[in-house]
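The sequence and the model are shown first.

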Amino acid sequence: MPPADDRNIYLIGPRASGKTTLGKMLAARLGRPFIDLDAVFVEKHGETIAALVGREGWDAFRLAEAAIVAETGKRAGQVVATGGGAVLMPENREVLARGLVFYLQADPERLASRLMADCNEAQRPRLTELGLREEIAATLAEREPLYLACAHASLPERAPEELLEFALRALAAWGKE
């Protein structure tokens, strides 16, 4: 059941938290287009995130990402999976605030396992020089307050089907307000 309005639904959370998986499922169930902002970056720029970061640094990527978030936010009725760091830029948080935002929480050890199993360095480049587990802990410590501040609802780590049902119940409740 779609929400009462056509605001975008944004999925936020760390790398490998399941934003793309849930986003595709939610979009299919709601009959909305699904947008993966990392994939839009690659399509728009003709290179991987890692390539841009390697050449110009994270700040250049964050500026490119902000332009994509702003452009995506101009269209309504989408389910959007953001990059894990999209919440770092104030202008991105302003766009998110105009939609409905779910924060996908995830256990740091599970994130590490997922990233080791599918490291995909081209799409998920390392954020720091730290080891993977230490990087995840440091990144979550920095970003979790932003995730929580942006979110209308937090989705605890569960199987994708359970997350989908939780999200649909939340959307239905919001539609009744």
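Predicted model: local features only at pLDDT ≥ 70, side-chain atom pairs only at ≥ 80, totals over all residues.

**Nonpolar cores**

The largest nonpolar core holds 29 residues, and Ile12, Phe41, Leu96 and Ile136 are the ones that touch the most other members. Elements giving two or more residues to this core include strands β1 (9-12) and β4 (100-104), along with helices such as α2 (37-45), α5 (90-97) and α7 (132-150). Helix α7 supplies the largest share, five residues. A separate core has 19 residues, among them Ile9, Leu11, Leu26 and Ala167.

Which residues does Phe41 contact, leaving aside its neighbours within four places in sequence? They are Gly46, Glu47, Thr48, Ile49, Leu52, Phe61, Ala64 and Ile68.

**Contact of α1 with α8**

The axes of α1 and α8 lie 10 Å apart, and the helices pack at an angle of about 50 degrees. The crossing of α1 past α8 is right-handed.

The table lists the residues that meet in this contact.

| Helix | Range | Residues in the contact |
|---|---|---|
| α1 | residues 19-30 | Thr21, Leu22, Met25, Leu26, Arg29, Leu30 |
| α8 | residues 160-175 | Pro160, Glu161, Leu163, Leu164, Glu165, Ala167, Leu168, Leu171 |

By type, the residues of the contact comprise 10 nonpolar, one polar and three charged.

Conventions: Residues numbered from 1 in each chain as written. Heavy atoms only, no water. Core = buried A, V, L, I, M, F, W, Y, C linked by side-chain atoms within 4.5 Å. Buried < 20%, exposed > 50% of the residue type's maximum accessible area, 1.4 Å probe, protein only. Helix = DSSP H or I, 4+ residues; strand = E, 2+ residues; numbered from the N terminus. Contact = heavy atoms within 4.5 Å. Axes fitted to C-alpha atoms, helices over the stretch in contact; angles between N-to-C directions. Left-handed = near helix turned anticlockwise from the far one by under 90°. Nonpolar A, V, L, I, M, F, W, Y, C, P; charged D, E, K, R; others polar.
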